[in-house]
Amino acid sequence: MRYDSLKDKTVVLFGAGEFGRIVLEELMKSSIKPAYFVDNNICIRNINKPCFFNGFEINSPDVLLLEEKKNLRIIITPGYPQFYEIKSQLIKMGLEDQIFSSRIGDYAKLMIIDLIDRCNLKCPTCARGLGVMPTSSKRMDKMLYKDILLKGRTEGYSRVALFNWSEPFLNTDLVEYIKIAKQENMSVLLSSNLSIKKIAHFEEVLATGVDHLTISISGDTQEIYQINHRGGNIDLVYNNIHLIFEMLQKKRINTKICLKFLKFTYNHSSEEKLAQIAKTYGINFKVHPGCGNPLNKDDYNLKHMLEQLVDYESNEDPDYNNGVCELMLRHVAIDYKGMTYLGCCNANVESTLIGKYLDLDSDYIFAKRYAHHKCVSCKWKRIPLTNKEVDKIRENVNK
Ligand SMILES: C[S@@+](CC[C@H](N)C(=O)[O-])C[C@H]1O[C@@H](n2cnc3c(N)ncnc32)[C@H](O)[C@@H]1O
Ligand code: SF4
Ligand code: SF4
């Protein structure tokens, strides 16, 4: 999404949450400074104590009515379903023409790229850990990577996650890949287990321009941690968190760090302790429901995962009333060979393969994902298709 039309306008972000922050970062990169945020859940404030979000004042949406309409542009930031609730709210306020874009997923788009075909751990709840995808240690060719980013930019992607089914820090050349992403003005996201003895160029990697680093963890003691993070060593993780703390303290890096606790049935006792560690180190803490159950070998094993992924193909006559999920609109997943897949929690295997990203039109990728049997049968919340999207799918689905 190009923000050029916002220059010289009064830009207001609706929604002071996670996506509000992401859109704010994108605007700032395009040298557009919003006037303020509005939010329906603004804390009750008195005139002497305004609320702030990332340095910007948060107002009640009523304030929008005081602005000169001609100059006002409102960007709705939250995902589905709030996006549509806010859109209706603005229409009722007579501000429909002031909405910057009426389609969810037009901004904050994310490319998800595996630069390396490997992980050091064997988490039983992860397709990589289970060996669903054979491991080769190969890396993405840098020219191919650059071309992929260039194509992504033309399709409106502004962020890149350099991980999907891999451990990004095993790539000893990571700095070079991050530099390329930065040349393309993209935000860079990493997620890591950090259970690595010596991370090559650790500080340089982060300082080169990693905007966000997630540290995945599933226990505070070795005993609990290794149940899911099989092959991992909690002391190495703590050691690396400490190194990050020192880098932050000395202001050598500018990366936002989040400790992500994967919560399963057996590890609840770790939550408070990990939250405390995050607090001590001044980093964010997030609890994320862990998919699968590493304790239940029958429920979650390689055979089970493969069974879920075989025999899926494109449905040539999809149900256009089914709607599209937000991930299909916002994300694209690419492996180290430059092949694109269905994405989301589906492993990169033959049955989820769409094709070579560089050779494919974005409308074709969209249609093939929409019509894929795996997505057709998925119960994740859906957003109605626009007429334009229905046309795109019809044109492409049988190609
Ligand atoms: C497959 S991992 C690859 C990146 C890196 N190796 C890591 O573990 O962070 C990608 C994301 O999936 C998340 N993840 C891994 N196992 C999960 C599970 N069982 N349930 C939910 N999310 C999971 C991780 O926290 C991570 O952010
Ligand atoms: S560390 Fe990440 S990529 Fe590796 S097996 Fe675990 S979840 Fe999968
Ligand atoms: S499997 Fe479900 S959540 Fe994932 S991309 Fe398909 S529809 Fe969306």
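Helices α11 (326-330) and α13 (373-376) each supply at least two residues of the shell around ligand 3. Helices (H or I, at least four residues) and strands (E, at least two) are DSSP runs, numbered from the N terminus. The model is predicted: local features need pLDDT of at least 70, side-chain atom pairs count only at pLDDT 80 or more, and totals for chains, interfaces and linings use all residues. Residues are numbered from 1 along each chain as its sequence is written, while chains are lettered from A and ligands numbered from 1 in the order in which they are written.

**Ligand 3**
- Around ligand 3 lie Cys325, Leu327, Met328, Gly343, Cys344, Asn346, Lys374, Cys375, Cys378 and Trp380. A residue is near a molecule if its C-beta atom, placed from the backbone, lies within 6 Å of it.
- This shell has 7 nonpolar, 2 polar and 1 charged residues. Ala, Val, Leu, Ile, Met, Phe, Trp, Tyr, Cys and Pro count as nonpolar, Asp, Glu, Lys and Arg as charged, and the others, Gly among them, as polar.

**Ligand 1**
- Thr125, Phe163, Ser191, Ser216 and Cys291 come nearest among the 18 residues around ligand 1.
- Two or more residues each come from β8 (187-192), β9 (212-217) and β10 (256-263).
- The shell of ligand 1 divides into 7 nonpolar, 9 polar and 2 charged residues.

**Helix pair**
- The axes of α4 (residues 142-154) and α5 (residues 174-183) come within 10 Å and cross at roughly 25°. Axes are lines fitted to C-alpha atoms, for helices over the stretch in contact, and angles run from 0 to 180 degrees between N-to-C directions.
- So α4 is roughly parallel to α5, a term for angles under 35 degrees.

Technical notes
Angles under 35 degrees count as roughly parallel, over 145 as roughly antiparallel, 65 to 115 as roughly perpendicular and the rest as oblique.
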